[in-house]
Amino acid sequence: MKNMYRTLAVSALLASLTLTAYAQDFKAGFVNTDRIFREANSAKAAQGKLEQEFSKRERDLVAVGKALKAASESFERNAPTLSESQRVAKQRDLVEQDRDFQRKNREFQEDLNARKNEELARVLEQANRVVQQVAEAEKYDVILQEAVYVNPKHDITDKVIKALNGASK
């Protein structure tokens, strides 16, 4: 019986030493994609491209919204002096204008979100290639993009951003 316990204890000790030795060779890293989207030059360029592409439509929508608000306020002020038929016609016209404005605003948001997703996908694809290059060059076993907690010593985001910025020049 003593030999069996001794054998189990030695086996457990050897297993823990083997795991410890393996764990010392295991190299893990972490990449914060949110930081890449905020700080990488390619992400900033994509954001600028989107702003340039959608700024005119946004300004037009803001102008239409202001005009609609002014028309609505004017209607509220002048409604008591209008005849019933004029008031109903004006109100119907304002409701139609508002419905059209809301539709255009929804379409704008959908178009903007679709283009934003396209641009972010390009940046992420580029970042993933750089992550793979860094991982291969520095012999990482695994690189994670999402985690609840990461020790800062495993964060390679700065290296990836630096490599991305160097590649975009």
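By class, the lining of the largest pocket comprises 4 nonpolar, 4 polar and 3 charged residues; here Ala, Val, Leu, Ile, Met, Phe, Trp, Tyr, Cys and Pro count as nonpolar, Asp, Glu, Lys and Arg as charged, and the others, Gly among them, as polar. The model is predicted, and local features need pLDDT of at least 70 and side-chain atom pairs pLDDT 80 or more, whereas totals for chains, interfaces and linings use all residues. Residues are numbered from 1 along each chain as its sequence is written, and side-chain values use heavy atoms, with hydrogens and water left out.

The protein chain contains 5 helices and 2 strands, arranged from the N terminus on as α-β-α-α-α-β-α. Helices (H or I, at least four residues) and strands (E, at least two) are DSSP runs, numbered from the N terminus. Of the 169 residues of the chain, 21% count as buried, where buried means under 20% relative accessible area, exposed over 50%, and partly exposed in between, with a 1.4 Å probe and protein chains only.

The largest pocket has a volume of about 150 Å³. A pocket is defined on a 1 Å grid over the protein atoms alone, as an open set of points where a 1.4 Å probe fits, with protein on both sides within 12 Å along at least five of seven lines; lining residues have an atom within 4 Å of a point. Grid points are joined across faces, edges and corners, and the volume is the space filled by probe spheres set on the points. Both α3 (41-78) and α4 (84-137) supply at least two residues of the lining, and the largest share, 6 residues, comes from α3. Among the lining residues are Gln 47, Leu 50, Phe 54, Glu 58, Phe 108, Leu 112 and Lys 116.

The axes of α3 and α4 come within 10 Å and cross at roughly 170°; axes are lines fitted to C-alpha atoms, for helices over the stretch in contact, and angles run from 0 to 180 degrees between N-to-C directions. The helices α3 and α4 are therefore roughly antiparallel to each other, a term for angles over 145 degrees. Their contact has 14 nonpolar, 7 polar and 14 charged residues.

Individual residues illustrate the pairing. Ser 42 lies in helix α3 and is buried, with a relative accessible area of 14%. The side chain of Ser 42 is joined to that of Gln 126 by a polar contact of 3.3 Å; such a contact is a pair of N or O atoms within 3.5 Å, of which, within protein, one must be able to donate a hydrogen and the other to accept it, and residues adjacent in sequence count only if both atoms are side-chain atoms.

Glu 58, also in α3, is partly exposed at 44% relative accessibility. Its C-alpha atom is separated by 8.7 Å from that of Asn 105, 47 residues apart along the chain. Val 64, in α3, is partly exposed at 42%, and the C-alpha atoms of Val 64 and Phe 101, 37 residues apart along the chain, are separated by 7.3 Å. Asp 111 lies in α4 and is partly exposed at 33%; Asp 111 and Phe 54 are 57 residues apart in sequence and 9.0 Å apart in space, C-alpha to C-alpha.

Beyond α4, Lys 139 is found in the loop between α4 and β2 (142-144). Lys 139 counts as exposed at 64% relative accessibility, and its phi is near 60°, a positive value in a residue other than glycine.

Note on methods: Parallel < 35°, antiparallel > 145°, perpendicular 65-115°, else oblique.
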